[in-house]
Amino acid sequence: MTGNEMRSNSTNTDEEKGSIDLDNYRKLVKQFCDLRRYQTALFWAEKVACLSENDPKDVYSKAHCMFLLKEYHRAAYTLRMHKLEKTHIPSYNLLLESLYEAKEYNEAIAVINSVDVEFLASSLINQPLESLDGGGVESQIMFGGEVCGKNEILASISLLKGKIYEAMDNRGLAMDCYVQALYKSVYCYEALEALVQHEMLMAWERKELMQQLPLEQQSSYVDAKLITKLYETKLKKYYETIGPASNSEQTPIGNLGNLKTIKELNEKIENTRASEANIHKNVMPKFITPSSSHIMSPAHKVLEDFKVPSFSLHVSLTRASSHSNELQRSHFETSGRNRDKDACDSNTCLPISVCLTRVHKSTDVMAAQAEKLFYDCEYKKGFKILNDLLKVDPYHNAALTVQIGCLVEFGDYNKLFYVAHKLVDRYPEKAISWYAVGCYYDLIGKSDPARRYLSKATALDRLYGPAWLAYGHSFAKENEHDQAMAAYFKAAQLMRGCHLPLLYIGVECGLTKNLELAEKFFYQAMSIAPIDVFVLHELGVIKYEYEYYESAEEVFRTTVDIVTNRAKQNQEEISARWEPLFNNLGHCCRKNKKYKEALKYHQFALLLKPQSSQTFTAIGFVHALMGNLEEAISFFHKSLALNRDCIVTSTILKTCIEDFMDEESIIDEIYGKSNLTSSSTWGNNAPFKVPKIATIEEETSPSPVKFSNMKLKFDDEDDISKNTTNIDTNSVMDISMDV
C-alpha cells in the first residue's frame, strides 16, 4: 500500500469519527428567524429535520419557517403528512393557524372535530415544556414557568378556534372560544381584543367577564392590579368602572348626582303613558304599522336575537373553569413564577404606583380613552388625545378609526382627505383605508363613489362594523330606507355590544312610521347605553309622535340636563348640534301650554344656531298662541327672509295678519274709528287658528355619520283650520342632528 493510500484511509477514518451537534443548528435556525432571514432558516431547518429523521420538534420548526414565509398550504401539508396534529399540540396549533391564514376554514373545522384537544391537553401536565416548541428555553424564560407556558398554548388554540368560527359566521361559538382563551390565560390580549373590537359583549357582560377572570390564580396581586387597569380601559366604554357596583350605584349614571336616573325617567314615562293612552286611543292606529304574526320581518328577527342570544357568558365561563381546573395552578405554587418583593431584581422591578402612572402614556390606553370620549360626544377632548397619540404611532388602527369619526364630525374634509390618501398609499389591503376614502366622499356629498369604496372596505373585512354603519348612512341620506336598514341589520349582527346599529335602525323605523318598532329598538339601545343622549333624544321624538307630550317633555328635559352638565364639567359651550334638542323641548312645552318655557328653549336654540328659519317660525308660533300677534308677525317675517318658500310660515303669517287687523285697536288706529267691533278679536277668546302639518320627512346631510331625526310638526292647540286645501303638506320643521 502506497503512502498516499494510507493517508487517504486515515482521513476517512477521522471524518467518520466526527459528529454534528444538531442543537447548534437548531439555535442557528432560531437566530435566522429572529433576524427575519426566513429562507435561510428554512434551509437549515429542513436539514436538521432530515438529520434527526423527522423529530417532531424539528418538523414543527421547519413548518414554522414555511409559515413565516407565508407558504401556508405547504406548512399545513408538512404537519399533516407526519400526523403531528394528533400527537404534538404545538403542531396542532400551527396547523390551525396555517389553515386559517390560507382561508381553508372547512378544513380547519374538520381538524377541530377530528382531534380531541382536551385529551392532548391532559397529557401536558407531566410533559416537559421543551417538547412543546422548537426550542422551549425562550418560552420558559418569557413566561417564567412550565404550567404558564402550557396555558399560553391552550389559550392560543382556543383563540384560533374562535377566529375560525367567526370567519364561518358562527359568532356564538367564536365568543365562547374567545372567553375560554382569556380564561385559560389572562395575558391573552388578542382574545380580549376580539371580544371588544368586534363589539361581541354587552356592557354588563364585560363587567362580569372582568370580575370572573382568574387573575389571582395566574398572576401576583400587583400584576393583577396592572392587568385590571389595562383591561378596564378597553371594557368601560359605557361604564365608569368595571368593579362591583355598590348599593347606591345601580345604574351607570349614579355618579351624575343631580340628574334624574333612567329608572326614574322610565317610571314617569309609564305613568304618563297609562293616562294618555285613554285620551289618545283613537289616534294610535294611524301611527302604528300593522304587524303580521305569521311572518317575522328582519327588524323583528334582530330584536328576537337580542332576547334569545346564541351566546351565554355564564355557560362559557363555567365551561372554561371546568377545563382549567387541572391545568391552572396558583401563581406562587408554580416553579419559576415566584415574584416576591425579596426575589425581585431592583433593576427590573418597578413600584406598582409608578407603573399605574406611566401606563397612561400607553398608546392602547390613550386610544381607549379617546374612544370613550367619542361615545360621550366629547369630540374635542378625544381629538386632542388622538393628536398626542398619533405623533407617537401614526398608524395605530384603533386611533385612526376614532380620528376618522372625529374629522367627519368636525366636517374637516381636507384633513380627512390627507388621512385617507396616506392610508391608501401605505395600507391598501386594509379595510380602514377604504373606509376613510368612503367617509371623505360621503362628507363632500358624492354618494356613489362613497358607497363603492365603503363596499370595498366591507369586502376586505366583513367584520369591520364602522364601514357597515357608514354604508347605511349613505343610503339613509337619500331616504333609501330599505337599503339603509339592510346595512344596519348587518352591523347589528356584527356589533352585538354596540348601541349604534340599534339606534339607527330605530331612526329608520320611525321615518317609515313604524313607531312601535322604533320604540323597541330605542329601548334596546338604552339597555346597552343608558345615558346616550342621541338615544334619549330619539325616544323623546317617538313619544311626541305618539302624542305623549308629557313623557316626551320628561325625556327631553333629562337629555338637556345631561348635555348641559357635561358642558359645565368640560368648561365648554354647548355645541350647536344640540339646537334641535332645545327646539324639540320647546315644542313639547308649547303642547303642554307652557308657553314661557317654550319661548326660553326656542330662544336658546336660536343662540346655538342664529340663522335658523325653523326656530324663528317656532318662536313666532308661540307668540301667536300667547296673543302677542305683533311679535309673532315680526318673527314670521324673519323666518321668511331666510326661507321665502316655506308654505307653513306663510300660511300662519297670513292668519296672524288677518286676526291682527281685526283687532279693534288696530282698526281704530288705521281708520280713526272707534265704533267698529269685531267678533274675532283675540280678547274675546276666539282661538288662533293654524293649519295642521302632519307630514314627517328627512333632511339630507353631508356627513356619513349623520342621521336625521323625525321631524316635529306644527299643529293647532285646539282646532284645525278648515281652509287648508292649498297647504303644502311636505313642508315641515327640520329637526336633524349629527352623531
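Predicted model: local features only at pLDDT ≥ 70, side-chain atom pairs only at ≥ 80, totals over all residues.

Reader: What describes two packed helices in general?

Author: You describe two packed helices by the distance between their axes and the angle between those axes.

Reader: Which residues make the contact between H4 and H6?

Author: From H4 you have Tyr60, Ala63, His64 and Phe67, and from H6 there are Pro90, Ser91, Leu94, Glu97, Ser98 and Glu101. Sorted by class, the contact of H4 with H6 has five nonpolar, three polar and two charged residues.

Reader: Now another pair. How do the axes of H23 and H24 cross?

Author: Helix H23 (residues 413-426) and helix H24 (residues 431-443) have axes that come within 8 Å and cross at roughly 155°. Over 145 degrees counts as roughly antiparallel, so that is how H23 and H24 run relative to each other. H23 passes H24 in a left-handed crossing.

Reader: Which residues meet there, in H23 and in H24?

Author: On the H23 side, look for Tyr413, Leu416, Phe417, Ala420, Leu423 and Val424; on the H24 side, they meet Ile432, Ser433, Trp434, Ala436, Val437, Cys439, Tyr440 and Leu443. The contact of H23 with H24 comes to 13 nonpolar residues, one polar and no charged ones.

Reader: Let's pick a single residue. Is cysteine 406 buried or exposed?

Author: A residue counts as buried under 20% relative accessible area. Cysteine 406 has 2%, so it is buried. You'll find cysteine 406 in helix H22 (residues 397-410).

Reader: What is cysteine 406 in contact with, leaving aside its neighbours within four places in sequence?

Author: Phe374, Tyr379, Phe383 and Leu386. Take phenylalanine 383: it sits 23 residues from cysteine 406 in sequence, and their C-alpha atoms are 6.7 Å apart in space.

Reader: And the protein chain as a whole? How many helices and strands are there?

Author: The protein chain has 37 helices and two strands. Of its 739 residues, 52% count as buried. The accessible surface is about 35600 Å², with 50% belonging to carbon and sulfur atoms. Among contacts with a separation of 6 or more, 65% are between residues 24 or more positions apart.

Definitions and conventions: Residues numbered from 1 in each chain as written. Heavy atoms only, no water. Axes fitted to C-alpha atoms, helices over the stretch in contact; angles between N-to-C directions. Helix = DSSP H or I, 4+ residues; strand = E, 2+ residues; numbered from the N terminus. Parallel < 35°, antiparallel > 145°, perpendicular 65-115°, else oblique. Left-handed = near helix turned anticlockwise from the far one by under 90°. Contact = heavy atoms within 4.5 Å. Nonpolar A, V, L, I, M, F, W, Y, C, P; charged D, E, K, R; others polar. Buried < 20%, exposed > 50% of the residue type's maximum accessible area, 1.4 Å probe, protein only. Areas by Shrake-Rupley, 256 points an atom, 1.4 Å probe, with all protein chains shown as cover.
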